[in-house]
Amino acid sequence: MAAVLLVGGIGFLSAGLLAIGFGIPVKEFSFGNTLIVTGAIVACTGAMMLSLWIVVLELKNIVRQFGL
């Protein structure tokens, strides 16, 4: 599960940043604004998935310490 969160988080973060990068040159049109907003949402989703990956790793460490 942790690997899925890591790969998905990196994928979403990079796709969001790529969408923002494509949207900046055409900012004058509504398509550029849509790309920037969508890219920001997707990049934030990727950052949240990476944060959840860190939480899963910490929970695994806690379980190992308690020997469950």
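Reader: What span should the 37 residues of helix 2 have, and how far apart are its end C-alpha atoms?

Author: The model is predicted. The expected span is 1.5 Å times one less than the number of residues. For helix 2 this gives 54 Å, and the end C-alpha atoms are 54 Å apart, so the two agree. Helix 2 covers residues 30-66, and just after it G67 takes a positive phi of about 70°.

Reader: How many helices and strands does the protein chain have, and is the chain spread out or compact?

Author: There are two helices and zero strands. The radius of gyration is 17 Å, well over the 11 Å that the globule rule gives for 68 residues, so the chain is more spread out than a compact globule. Along its principal axes, the C-alpha trace spans about 60 × 15 × 10 Å.

Reader: Which residues of helix 2 are buried, and what covers them?

Author: Buried means under 20% relative accessible area. In helix 2 the buried residues are G32, L35, G39, A43, G46, M49 and V56, and their cover includes helix 1 (2-23). Across the protein chain, buried residues make up 21% of the 68 residues.

Reader: Why does F66 count as exposed?

Author: A residue is exposed when its relative accessible area is over 50%. F66 counts as exposed because its relative accessibility is 64%. Together with V55, L59, I62, V63 and L68, F66 makes a nonpolar surface patch of about 640 Å². The accessible surface of the protein chain comes to about 4,900 Å², and 79% of that belongs to carbon and sulfur atoms.

Key. Residues are numbered from 1 along each chain as its sequence is written. This is a predicted model: local features need pLDDT of at least 70, side-chain atom pairs count only at pLDDT 80 or more; totals for chains, interfaces and linings use all residues. Side-chain values use heavy atoms; hydrogens and water are left out. Patches are made of residues with over 30% relative accessible area and no salt bridge: like charges are joined within 9 Å, nonpolar side chains (Val, Leu, Ile, Met, Phe, Trp, Tyr) within 5 Å. Accessible areas come from the Shrake-Rupley method with a 1.4 Å probe; for residues, only the protein chains shown count as cover. A salt bridge is a side-chain nitrogen of Lys or Arg within 4 Å of a carboxyl oxygen of Asp or Glu. Helices (H or I, at least four residues) and strands (E, at least two) are DSSP runs, numbered from the N terminus. Buried means under 20% relative accessible area, exposed over 50%, partly exposed in between (1.4 Å probe, protein chains only). Contact means heavy atoms within 4.5 Å. The radius of gyration is taken over C-alpha atoms; the globule rule is 2.2 Å times the number of residues to the power 0.38.
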